[in-house]
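Colleague: I have a model open that I have not seen before. Can you take me through it?
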Amino acid sequence: MDAYRISSYNLSEKYREGQRNFERMDLRELNLSGLQLEGARFCWADLTSAFLTRSKLDESDFTGAMMWRAGLSGASLRWVNLHRAVMVRAEMPGANLSGANLERCDLRLVNLRSACLAGANLRGAKLCYSDLRGANLTGADLTGADLTGAKLRGACLKAVCWRAALLQADQLDGLVDAHVEDSQGDHPQVRSPISTTAEASEVDSDTATNSDPQRSLTAV
């Protein structure tokens, strides 16, 4: 089914009437803040620059969704499925992502300050230059995740699985201040430093054109 446009009011009404399937919908820039949308399906939907501040989205499915620059501050995303979702530059400070599936999710340059990612599956996730300061990643699985340039100061990394995760050498020094306790798996791999400006430019270009092999979306 091709993407189609819907208003935030109509979406909320349809949800209250019992509809849960909103796959491939065009939800760009909609204000969905504070809505209760638990258990809804937004697979491959376009939520570019949508506002979901403090929304209740527990156990919802965002597989492959385009969430570039989405606003999710304080949102409840417990046990949500974000497999292969594109969330570049999303604003998610204070969001609750405990138990969430973020496998292969594109989280480059995302603001996750003080977010809860306890028990989250971040296998193969792209976290380059993300802001994880003060975040709770207790028991998270970072197997194969790329954290190049990510800010980790003050993060709780107890019992994290680091197997094949990628970090820069200068980040390893800061891990002492990030409360690393009882970490599991191998130590993270060390990557050569990369220019932050160059990386950010590459992220913008790559995400806008290659986020989904079945479509090409222009970031707003």
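Predicted model: local features only at pLDDT ≥ 70, side-chain atom pairs only at ≥ 80, totals over all residues.

Colleague: Let's step back. What does the secondary structure of the protein chain come to?

Modeller: There are 3 helices and 2 strands in the protein chain. Along the sequence they follow the pattern α-β-α-β-α.

Colleague: And how much of the chain is buried?

Modeller: The protein chain has 220 residues, and 50% of them count as buried. Its accessible surface comes to about 9900 Å², with 45% of that belonging to carbon and sulfur atoms.

Colleague: What share of the contacts join residues at least 24 apart?

Modeller: That share is 14%, taken among contacts between residues at least 6 apart in sequence.

Colleague: Now α1. Which of its residues are buried?

Modeller: Leu11, Ser12 and Tyr15 are the buried residues of α1. Viewed down the axis of α1, these buried residues fall within an arc of 95°, so they line one face of the helix.

Colleague: Why would residues a few places apart point the same way?

Modeller: An α-helix has 3.6 residues a turn, so residues three or four places apart point the same way.

Colleague: What is exposed on the other side of α1?

Modeller: Tyr9 and Arg16 are exposed there. Just after α1 comes Gly18, which takes a positive phi of about 110°.

Colleague: Which side chains make polar contacts with the side chain of Asp26?

Modeller: One of them is the side chain of Arg5, at 3.0 Å. Another is the side chain of Arg28, at 2.7 Å. Asp26 also forms a salt bridge with Arg28, with the closest N and O atoms 2.7 Å apart. Arg28 itself counts as partly exposed, because its relative accessibility is 32%.

Colleague: Why do such side chains pair up?

Modeller: Side chains of opposite charge can pair when their charged atoms come close.

Colleague: Which residues are linked with Asp26 in a network of salt bridges?

Modeller: Arg5, Arg28 and Asp46 are linked with Asp26 in that network.

Colleague: How far is Asp26 from Met66?

Modeller: Their C-alpha atoms are separated by 9.9 Å, and the two residues are 40 residues apart along the chain.

Colleague: How many salt bridges does the count come to?

Modeller: The count is 11 salt bridges. Among them is the pair of Asp106 and Arg108, where the closest N and O atoms are 2.6 Å apart. Asp106 and Arg108 are both buried.

Colleague: What about Asp131 and Arg113?

Modeller: Their side chains meet in a salt bridge at 3.9 Å, N to O. This pair links distant parts of the chain, with Asp131 and Arg113 each in the loop between α1 and β1, 18 residues apart.

Colleague: Are those two buried or exposed?

Modeller: Asp131 counts as buried because its relative accessibility is 11%. Arg113 is partly exposed, with a relative accessible area of 39%.

Colleague: Last topic, Trp79. Where is it?

Modeller: Trp79 is in the loop between α1 and β1. Its relative accessibility is 59%, so Trp79 counts as exposed.

Colleague: What is Trp79 in contact with, leaving aside its neighbours within four places in sequence?

Modeller: With those neighbours left aside, Trp79 is in contact with Glu59, Ser98, Gly99 and Ala100.

Colleague: And how far is Trp79 from Gly119?

Modeller: The C-alpha atoms of Trp79 and Gly119 are separated by 9.5 Å, while the residues are 40 residues apart along the chain.

Conventions
Residues numbered from 1 in each chain as written. Heavy atoms only, no water. Helix = DSSP H or I, 4+ residues; strand = E, 2+ residues; numbered from the N terminus. Buried < 20%, exposed > 50% of the residue type's maximum accessible area, 1.4 Å probe, protein only. Contact = heavy atoms within 4.5 Å. Areas by Shrake-Rupley, 256 points an atom, 1.4 Å probe, with all protein chains shown as cover. Polar contact = N/O pair within 3.5 Å; in protein donor to acceptor, adjacent residues only side chain to side chain. Arc of directions from axis to C-beta. Salt bridge = Lys/Arg side-chain N within 4 Å of Asp/Glu carboxyl O.
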